[in-house]
Amino acid sequence: ARAAEVNAGPAWLNAIIWSDDAAAVREAEAIDARRAAGDGDMPLAGVPVVVKDNIATLDLPTTCGSRILDGYVSPFEATVVSRLRAAGAVIVGKTNMDEFAMGSSTEHSAYGPTRNPIDPARVPGGSSGGSAAAVAAGAVRIALGSETGGSVRQPAAFCGVVGVKPTYGRVSRYGLVAFASSLDQVGVFGRTVDDAALGLQVIAGHDPRDATSAQHEVPSYRAVANAGTDGQPLAGLKIGLPKEYFPHSLDARIGGRTRAVVEHLRRLGAEIHDVSLPHTDLAIAVYYIVAPAEASSNLARFDGVRFGRRVAGDGLRETYERTRSGGFGPEVTRRILLGTYVLSAGYYDAYYKKAQEVRALIARDFAHAFEKVDLLFTPTTPTPAFPLGAVSDPYEMYLSDIFTATANLTGIPAMSLPIGRVDGLPVGGQLLAPHFGEAAMLRAAYALE
Ligand code: GLN
């Protein structure tokens, strides 16, 4: 019954929005029984894990941080959740998030904001801010989040924990509520690199229930922990520094920390190369066309008939209107409007089609860079965690994703790991790898930790 001892953190944190202690205790007892019956194949036996609230669970609500799904309990379970439970994990709670994963601060939740455990006056990042905060506060070692444009890596950086976004298709999306299907991927938070590697190991792999899930074999992510020669664990590894990720406008403290890590990588045996990803400055514009376009289509299903809350009106149309206008918050509404606009007949070529073309150019930049180097290293975010309420302009909020959105647009794996603090606030360094290069990325992360 270790689950019962889990401290969800102080109430002001608001990291976990749904939990059921009695159910968690029952699950923990079931795991004890499995162990007693000789089930030795449980790498997470009795380990408490929390899961972002856009990942379907049978016992706890799945609300996506939205009023429109208030009280909604899924009739089925996400594949990632089934895999965690098969590995012996106890799901002890659902974590707070920006509504439908749209945001970078966890301030856009219908259930109130989550605070940063390192500094309660600041945001934990988002949209998976609840999961990042739960790990940073010491409530759990491993948490699941989701990524559409940086939503695991950015909060990991703001909270000083490890966050991994796998290759698109590496982890099943079955049971992950869709935001932008061509970008979405479940990600893992860990207190350490090894915790994140372990979590990824458990959830990775092909799932026949997700048509975009890859058949690619899953290597052992923890076997790379001490690979390489002693003292020079990264000997022979080529790491690129994309110059566009170190702009003059970068917070000098973050630039300083990042460059210190580059020196450390060199001492560990890595070869450092300067590279260029010339279309980087277009990534935010492309992301904020593609993601809302897909979201406007995916969110059409929340109509007051099929899921969650219904506000009845006079006839179907009025029911839709009342349910949706009362159920979605302002950021989600903005995305739906933006998405339907860029997909509309007269504007499709000018926006959506153009964005997909530029997306291909961004992918080509990465393909070229990975002809020369094995990994890329960059800052995860342009600034440390900002104070609650400090960013009210949506466009300014979107700029938090400037270094992270590219991995989602191209489908490559990426991770953030803590690289120290500036003015007491955590800073994250980002490693990016070619498709299915998680092991190489984790190898560098293990060596840096
Ligand atoms: N901040 C980005 C957005 O608001 C990314 C969100 C995410 O990765 N889920 O869309």
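This is a predicted model: local features need pLDDT of at least 70, side-chain atom pairs count only at pLDDT 80 or more; totals for chains, interfaces and linings use all residues.
Eleven strands make up an open sheet with mixed pairing. Their order across the sheet is β1-β3-β2-β4-β6-β5-β10-β11-β9-β7-β8. At its edges lie β1 (16–18) and β8 (271–275), each of which pairs on one side only. On average, and ignoring direction, neighbouring strands are turned by 35° against each other. Helix α2 (residues 79–86) packs on this sheet, where it touches β2 (48–52), β3 (90–95), β4 (142–147) and β6 (185–190). The direction of α2 makes about 145° with that of β3.

Strands of a sheet pair through backbone hydrogen bonds, in either a parallel or an antiparallel way. Strand β9 (residues 375–379) and strand β11 (residues 425–432) are antiparallel and share four bridges. Thr378 stands opposite Gln430 in β11.

**Helix packing**

Two packed helices are described by the angle between their axes and the distance between the axes.

| Helix pair | Angle | Axis distance |
|---|---|---|
| α7 (residues 283–298) and α10 (residues 349–372) | about 125° | 9 Å |
| α7 and α9 (residues 330–343) | roughly 100° | within 7 Å |
| α5 (residues 193–203) and α13 (residues 438–448) | about 160° | 10 Å |

On the α7 side, Ala283, Val286, Ile289, Val290 and Ala293 take part in the contact. They meet Tyr351, Tyr352, Ala355, Val358, Arg359 and Ile362 of α10. Ten residues of this contact are nonpolar, none is polar and one is charged.

The angle between α7 and α9 makes them roughly perpendicular to each other. Here α7 contributes Ile289, Pro292, Ala293, Ala295 and Ser296. From α9 come Arg335, Ile336, Leu338, Gly339, Thr340, Val342 and Leu343. The contact of α7 with α9 has eight nonpolar residues, three polar ones and one charged. Ile289 and Ala293 of α7 are listed in the contact with α10 and also in the contact with α9.

The angle between α5 and α13, about 160°, makes α5 roughly antiparallel to α13. The crossing of α5 and α13 is left-handed. Val193, Ala197 and Leu200 of α5 meet Glu438, Leu442, Ala445 and Tyr446 of α13. By class, the residues of this contact are six nonpolar, no polar and one charged.

**Annotated residues and local backbone**

An unreviewed UniProt entry lists Lys52, Ser127 and Ser151 under "active site". These residues are spread over 100 residues of sequence but cluster in space, with a largest C-alpha distance of 11.0 Å.

Ser127 is found in the loop between β3 and α3 (129–136). The peptide bond that leads from Gly126 to Ser127 is cis, with omega near 10°. Ala101 also lies in the loop between β3 and α3. Although Ala101 is not a glycine, its phi is positive, at about 70°.

Methods: Residues are numbered from 1 along each chain as its sequence is written. Axes are lines fitted to C-alpha atoms, for helices over the stretch in contact, and angles run from 0 to 180 degrees between N-to-C directions. Helices (H or I, at least four residues) and strands (E, at least two) are DSSP runs, numbered from the N terminus. Two residues are in contact if their C-beta atoms, placed from the backbone, lie within 7 Å. Ala, Val, Leu, Ile, Met, Phe, Trp, Tyr, Cys and Pro count as nonpolar, Asp, Glu, Lys and Arg as charged, and the others, Gly among them, as polar. Two strands pair if DSSP finds at least two bridges between them. UniProt positions are given in the numbering used here, feature names are shortened, and annotations may be inferred rather than shown by experiment. Angles under 35 degrees count as roughly parallel, over 145 as roughly antiparallel, 65 to 115 as roughly perpendicular and the rest as oblique. A crossing is left-handed if the near helix is turned anticlockwise from the far one by less than a right angle, and right-handed if clockwise.
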